[in-house]
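The following note is intended for a colleague who is opening this structure for the first time. Please read the numbered points with the model in view.

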Amino acid sequence: MKLQRMNRRALTLGALAVSGALALTACGSDDTGKSNGTDASTSSNSAIKCDDAKGQLQASGSSAQKNAIDAWVKAYTASCKNVQINYNPTGSGAGVTAFTQGQTAFAGSDSPLKPEEVTASKKACDGNQAIDLPMVGGPIAIGFHLSGVDSLTLDAATLAKIFDGKITKWDDEAIAKLNPSTKLPSTKIQAFHRSDESGTTDNFTKYLKAVAPSDWKYSGGKAWQAKGGQSAQGSSGLAQQVKQTEGAISYFELSYSADGISTVDLKTGAATPVKATVENATKAISTAKVAGTGNDLSLSLNYKPTEEGAYPLTLVTYEIVCEKGNKADTLAATKSFLTYIASEDGQKLLTDAKYAPIPDEIISKVRTTISSLS
C-alpha cells in the first residue's frame, strides 16, 4: 500500500510538471525573449472554437504585431492544445516572400499586397490568390532618448529633415521653435531606421510623403531609401538602440516603447499636439476606407485627419492568406486561429497590448471572409 501511495504521488507530481511546461509553451515573448507583459488568461476560453484544428501553424512577417500575436497565441493555445503556432517576426517583406513561396500558412504584413505579390501568391494558393485581412491597428510611435528631456513635439517636416540627415543637432532652430519651453542640448541626433524590409517603414514614409512632400522626396516602400543614419533589425532592434543610445530617435509600434522610452507628440493641423496612444490612433484609423475589391480588405489610411486628438502616424497589420486553395493540412487551424483573433474577445486583447482594435464596420467583413476560406 505504501508503494502504491508513493507511485500515485509520483504520477501526480509528473502531471503537474507537464502542465506547467505546457503553460510556459503557451506564453508569448517579444523579439528579445522578454515577456510582453500581456496577461492573457491561460484557462480555457469558451469563445475560442477549436473545431478540428490540430498540428503546427508556421507563420512569419510583421514584427510590429509580434506582441499582439504573443497575446493571442497564449490565449488560443490554452484552449486549443492540439495546435502549435510558430510566428517568426522576420519583417513584412520577408513574411510575404515566405508565404508566396509556400513556406507558411499565413503572413503578417503592415502594408497590403502589391500587384506583383498577388501574382506571385497564385502558385502557393493553387491557382487562386492571396488576400489582405486587416487585423491589428495602432500608432507608430517616434521614440527618443535625450537626457533631461521627457516631452518633445515634432511635426512631419521636421521629422523628414531629421531622418534625411538635414537636421543633425537636437538644439536645431526647427526643433527649438516647436518646443519653446524646453531646454534642448546640442547633442548629435542618432537616427535609426529598419535594416530589413518593413511595413512599418512603408507606413512611416507614406506619412512623411503625404504630409511633408517638399521635405521627403523619396518614393517610399518597405525598404529604407534615405541616405545616412543607422539601422537595426526589427521593431525590437530599433527600440533597443533608442533605449541605449544618447541622442537617438527612431520609429516603431507603440508596444515597443513600453519599457521606459519617451515618445514624440505630433503637431498636426489640430490646436494641440497629439500623443501616441491607442485611443488617438483609433480616431485616425476609424476614418480609413476599404480600398481592396472582393474579399481583399486592404485599407486606405488617412494621414491628415482633422479631428482633435487624432494621431495621424498609424499602421494596420494584415494577415495574408489564400482566398481559396489554402493547404488542407493547416486550413482548419488557420481558420480557427484567425476566427478567434478577429472575434470580439480577440480584438479586446489588443488594447491591453497597446494596439488599436479594427473598427467594427471593417472587422465584421473580416469575420465573414475568414468563414469562407477554403
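1. In which helix does Thr158 lie? Thr158 lies in helix α5, where helices are DSSP runs of H or I with at least four residues, strands are runs of E with at least two, and both are numbered from the N terminus. The model is a predicted one, in which local features need pLDDT of at least 70 and side-chain atom pairs count only at pLDDT 80 or more, while totals for chains, interfaces and linings use all residues. Residues are numbered from 1 along each chain as its sequence is written, and side-chain values use heavy atoms, with hydrogens and water left out.

2. Thr158 is buried, with a relative accessible area of 5%; buried means under 20%, exposed over 50% and partly exposed in between, for a 1.4 Å probe and protein chains only. Leaving aside residues up to four places away in sequence, Thr158 touches Ile167, Ala174, Ile175 and Leu178, a contact being heavy atoms within 4.5 Å. The C-alpha atoms of Thr158 and Ile175 are separated by 7.1 Å, although these residues are 17 apart along the chain.

3. Helix α5 (residues 156–163) also meets helix α7 (residues 199–211): their axes come within 9 Å and cross at roughly 125°. That makes α5 oblique to α7. Axes are lines fitted to C-alpha atoms, for helices over the stretch in contact, with angles from 0 to 180 degrees between N-to-C directions; under 35 degrees is roughly parallel, over 145 roughly antiparallel, 65 to 115 roughly perpendicular and the rest oblique. The crossing is left-handed, a term for a near helix turned anticlockwise from the far one by less than a right angle, clockwise being right-handed.

4. Which residues make the contact of α5 with α7? From α5 they are Ala156, Leu159, Ala160 and Phe163, and from α7 Phe204, Tyr207, Leu208 and Val211. By class, the contact has 8 nonpolar, no polar and no charged residues. Here Ala, Val, Leu, Ile, Met, Phe, Trp, Tyr, Cys and Pro count as nonpolar, Asp, Glu, Lys and Arg as charged, and the others, Gly among them, as polar.

5. The axes of α2 and α10 come within 11 Å and cross at roughly 115°, and this crossing is right-handed. Trp72, Val73, Ala75 and Tyr76 of α2 meet Ala333, Ser336, Phe337, Tyr340 and Ile341 of α10. This contact has 8 nonpolar, 1 polar and no charged residues.

6. The whole structure holds 11 aromatic pairs; rings of Phe, Tyr and Trp (its six-membered ring) pair if their centres lie within 6.5 Å, with planes under 30 degrees apart stacked, over 60 edge-to-face and the rest tilted. Tyr76 and Phe337 form an edge-to-face pair, 5.3 Å centre to centre with 80° between the planes. Tyr76 lies in helix α2 (residues 66–79) and Phe337 in helix α10 (residues 328–342), so the pair ties together parts 261 residues apart in sequence. Tyr76 is buried at 0% relative accessible area, and Phe337 is buried at 0%.

7. The rings of Phe163 and Trp224 have centres 6.1 Å apart and planes at 65°, so this pair is edge-to-face. Phe163 is in helix α5 and Trp224 in the loop between α7 and β7 (230–232), 61 residues apart. Both Phe163 and Trp224 are buried. Ring pairs link Phe163, Phe204, Trp216, Tyr218, Trp224 and Tyr251 into a cluster.
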